Amino acid sequence: MKSLADQTDHAALRKGAHDDRARQDFAFTFRNLVTSEWMPSTRTVFDKRAAAAFARDTGAAPETPRDIRKAMDGDSWYRFYLSARRTSQELIWESVVPAVEADLPTGGAGANLDASVVPPRYMSAIDIHCMPGGYAEDQGDGDLAAGAVYDRGVYLYMSGLMGPRNDAVGALAAAYLKAQFPAFAPARILDMGCGVGHATLPYCDAYPEAEVHGCDVGPALVRYADERARSWGKAATFHQRDAEATGFPDRNFDLVTSHILFHETSTRALGAILAESYRLLAPGGMAVHVDQPRFDGADAWATFLQENETYYNNEPFWRKYRSINLHAAAVAAGFAADDVTLDILTADVVAQSQNNVKLSPEAAAKRRAGFSILIARRP
Ligand SMILES: C[S@@+](CC[C@H](N)C(=O)[O-])C[C@H]1O[C@@H](n2cnc3c(N)ncnc32)[C@H](O)[C@@H]1O
């Protein structure tokens with residue numbers, strides 16, 4: 001297990017005072033216990049009693065994610081596990097929010113704000129993954145609170161597995177691009193739905209000659225992203241803009257990215273963001289969208305587990321996202337079928353944290369646990 005103390009400091013991060021950190025330590029350790037130790041035991045419960053009970057009641061073995069859910073829903077250990085998991089999620093925010101409120105960070109003077117940007121309903125109608133106030137919470141000038149809550153919350157949520165800068169997804173994607181397309185040298189990069197810039201800054205390192213931009217609808221997130229980047233001496237510019245209609249000129253970027261954005265948008269918005277990516281790309285440019293693992297559709301158990309995010313963790317689109325044909329969506333957005341590729345960014349972080357099973361090296365290789373990556377080129 002990683003250490004709570006390892007998250008890299010910067011001017012806007014608020015880890016809190018002694019008691020805050022003690023509470024965060026509990027939330028961090030408890031979450032790790034629930035996701036790494038108790039989660040695998042749900043499979044044991046399924047194999048040893050819930051599947052047999054389902055077969056007895058229905059005359060058939062549980063095969064689909066829906067069957068598995070029916071088999072598990074009445075199981076006492078599983079219900080206890082679900083309750084503990086939800087509690088672990090709420091404890092993250094309960095331990096992080098007071099630390100931020102006690103010492104509110106301010107700043108973000110370099111961010112480009114636009115008060116006319118309205119957060120889309122699919123993100124304002126609900127506190128996604130139970131984060132109090134959601135992404136668009138804003139107290140006005142210089143407010144960074146939502147960014148500070150998100151930054152520390154993600155570190156706890158991912159048990160530190162995203163690295164001390166919470167940047168594993170962007171770093172993996174940038175490394176993948178460098179390896180697959182060594183001659184590709186984007187001059188202008190836009191990271192859509194950039195949040196606090198976790199995945200944006202790795203592109204500053206991967207392409208030091210490039211102009212790097214990030215956009216998000218949350219004003220406090222982009223201010224925080226600006227403050228965080230400047231604190232580390234990274235040259236990236238953050239904008240309050242909607243990824244569905246950014247307002248940047250046509251063909252303005254050579255690389256348009258997003259990271260873990262798609263599963264938090266509606267199906268309609270996902271298509272609009274792909275169309276916007278196409279519009280923004282200069283000839284020879286690439287759109288690269290990275291998101292949650294999709295696994296093999298035949299893996300009913302993994303699907304069942306993943307769908308719990310929608311059932312119990314305020315992630316309304318997570319379930320639907322997994323069944324969208326991303327290739328077809330990219331083609332519908334304007335890309336030619338032959339210019340669209342789907343791949344997997346293999347990552348231990350996913351095997352450990354998202355799939356919630358401890359895989360042997362052989363099993364991990366077989367499953368190819370990782371983030372899904374969509375690459376769409378504009379000729
Ligand atoms: C799960 S967070 C990911 C943030 C960041 N990409 C990262 O990897 O840490 C999803 C982000 O997408 C943003 N978002 C959702 N819909 C958006 C839209 N239509 N335009 C811009 N940002 C959006 C949210 O505000 C949130 O910051």
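## Contacts and overall shape

Take the contacts between residues at least 6 apart in sequence: 77% of them join residues at least 24 apart. The model is predicted. The protein holds 14 helices and seven strands. Its radius of gyration is 21 Å, close to the 21 Å that the globule rule gives for 379 residues, so the protein is as compact as a globular protein of that length.

Along its principal axes, the C-alpha trace spans about 60 × 55 × 40 Å. Of the 379 residues, 48% are buried.

## The nonpolar cores

The largest nonpolar core has 84 residues. Inside this core, V149, A173, L221, V288, A330 and I373 have the most contacts. Helix α5 gives the largest share, nine residues. A second, separate core has nine residues, including F46, A50, I68 and M72.

Look at L221. Leaving aside neighbours within four places in sequence, L221 is in contact with Y135, A146, G147, Y150, G195, V196 and D216.

## Helix α3

Helix α3 covers residues 76-101. At 1.5 Å a residue, its 26 residues should span 38 Å, and its end C-alpha atoms are 38 Å apart, which agrees.

Several α3 residues are buried, among them R85, S88, I92 and W93. An α-helix has 3.6 residues a turn, so residues three or four places apart point the same way. The buried residues of α3 pack against α1 (18-58) and α5 (145-157).

## Around the ligand

There are 24 residues around the ligand. Y135, G193, G195, H198 and A243 come nearest. By class, the shell has 14 nonpolar, six polar and four charged residues.

Definitions and conventions. Residues are numbered from 1 along each chain as its sequence is written. This is a predicted model: local features need pLDDT of at least 70, side-chain atom pairs count only at pLDDT 80 or more; totals for chains, interfaces and linings use all residues. A residue is near a molecule or strand if its C-beta atom, placed from the backbone, lies within 6 Å of it. Ala, Val, Leu, Ile, Met, Phe, Trp, Tyr, Cys and Pro count as nonpolar, Asp, Glu, Lys and Arg as charged, and the others, Gly among them, as polar. Helices (H or I, at least four residues) and strands (E, at least two) are DSSP runs, numbered from the N terminus. The expected span of a helix is 1.5 Å times one less than its number of residues. A residue is buried if 20 or more other C-beta atoms lie within 10 Å of its own, exposed if 12 or fewer, and partly exposed in between; C-beta atoms are placed from the backbone. Two residues are in contact if their C-beta atoms, placed from the backbone, lie within 7 Å. A nonpolar core is a set of buried Ala, Val, Leu, Ile, Met, Phe, Trp, Tyr and Cys residues joined through C-beta atoms within 7 Å. The radius of gyration is taken over C-alpha atoms; the globule rule is 2.2 Å times the number of residues to the power 0.38.
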